[in-house]
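User: I'd like to go through the labels on this one and hear what each rests on. Could you take me through them?

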Amino acid sequence: MSVRYLYAVLRAPAPGALGVGLGGEPLELARWSNLIAVTGTLPDPPAVEVAALRAHDAVVRRLARRASAVLPARFGSVVRDEPALIEWLRRRAPGLREALSLVDGGEQMTLRVYGSATAGVEEPAAGALEALGPGARYLARRLHAHQRASTAPELAPLRRALGRLVRAERVERHDRSPLLVSVHHLVPRGTSARYRASLARARPQLRPLRMRASGPWPPYAFAAAAVDDQSSMAAQDSP
Amino acid sequence: MKPRRAALSRPRAGLDTLLDGAGPSLLDLVDQVLNKGIVVDGEVVLGLAGVDLVYLRLSALLCAADGLRRAQRRRRPPRRARP
C-alpha cells in the first residue's frame, strides 16, 4: 500500500516545477489556507539508509531555495491520504504559522560543545545561599540547574560575539562528557561565514570548552515546536 | 504477501549499520533529519523505537568522533620552522 510522504510545510513557493522526491516521485502540494504541505507518494516507507537521509535533506534544501519560510519534516513522516493531511494542517495551523514566521529568511547553524561536565559552569555563590533556609536553598539550586539546562550560560561569550546575528536559539543539554551541549542557532540566510568568523573570535574566551560548528542547515531544530509537544529542546527567541 | 511489520524490522538493522563508523558530518545529518523536524502526529512509520536508539547512540558517537578528531590532530607531524 502506498504512503504519502511529507517533506516540509511552507508558505507560497516560487512558481515552477518543484522537482522530484527521494524515490524519484513527483512532488505534490496540499494546501489549507496559506499553508502548503509538500509530499510525495511512495510505494513503501523509505528504509533508514544514508542515501535516503541525504535525499530527504536534498529535497528539503531544494524547497528552501524556492521559499523563504520552510519547516522541514522529520524523515519517515507519512500520512494516510490528502484529506488526513489537510485536516492536520488545519488543526496545527496556529503553531505552523508562528513557526513559519520565525524561520522566514533564516537558516540554521548547529554547535556541538565539548568539555568536562563542570567546565565553564558556575555554581550558585555559597554566600548567596547561606542566608536562605533549606527549602529555599533547594529551590535556588533547582532554578540554577534549570537555567543551566535551558540556556547554557557557559556560552555567554559566544552569544556576545554573535550579537544580533542570532534570531533564535534551541539548546539541547547532553551532559555526556565530553559532549555537553548542542546549540542550534537561527541566523539570516547567507550569514554562515560571519557566524563562523564570530565563533573563531570567541573561541579563546570559551576555553577549556571546545566547539564544532556545522551548517547551514534548513531549520530542522526550529520546526518541531510548530506542533507543540514534540520539542524537548529549550527555546529562546530574540524579541 | 509479506506482513507489514517486515518493513518496520528492516530499519533497525539499517540504523545499526548507519551509525557504525559514521564521521561527524554524517552524525550531524542523522541528528537533523532523523531526530528533528515536524512529525505528523506520531505517524512516523519507520519504527519509532529505532529513532530513540539513534538518539542514544548519537550522543555516544558524537563524543567518540570528537575524541578521534583530537587524536588525529595530536598525530600530525609538527610544522618545521622556516630557515
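**Labels and their cut-offs**

Analyst: Searching the whole structure over all chains turns up 2 aromatic pairs. One is A:Tyr5 with A:Tyr7, an edge-to-face pair. This is a predicted model, where local features need pLDDT of at least 70, side-chain atom pairs count only at pLDDT 80 or more, and totals for chains, interfaces and linings use all residues. Residues are numbered from 1 along each chain as its sequence is written, chains are lettered from A and ligands numbered from 1 in the order in which they are written, and side-chain values use heavy atoms, with hydrogens and water left out.

User: What makes A:Tyr5 and A:Phe75 a pair?

Analyst: Their centres are 6.2 Å apart, and at 75° between the planes they are edge-to-face too. A:Tyr5 sits in strand β1 and A:Phe75 in the loop between β4 and β5, so the pair ties together parts 70 residues apart in sequence. Strands are DSSP runs (E, at least two), numbered from the N terminus, as are helices (H or I, at least four residues).

User: Why does A:Pro94 count as exposed?

Analyst: Its relative accessibility is 56%; exposed means over 50%, buried under 20%, partly exposed in between (1.4 Å probe, protein chains only). So A:Pro94 is exposed, while A:Ala93 and A:Gly95, also in helix α3, are buried.

How values were computed: Rings of Phe, Tyr and Trp (its six-membered ring) pair if their centres lie within 6.5 Å; planes under 30 degrees apart count as stacked, over 60 as edge-to-face and the rest as tilted.
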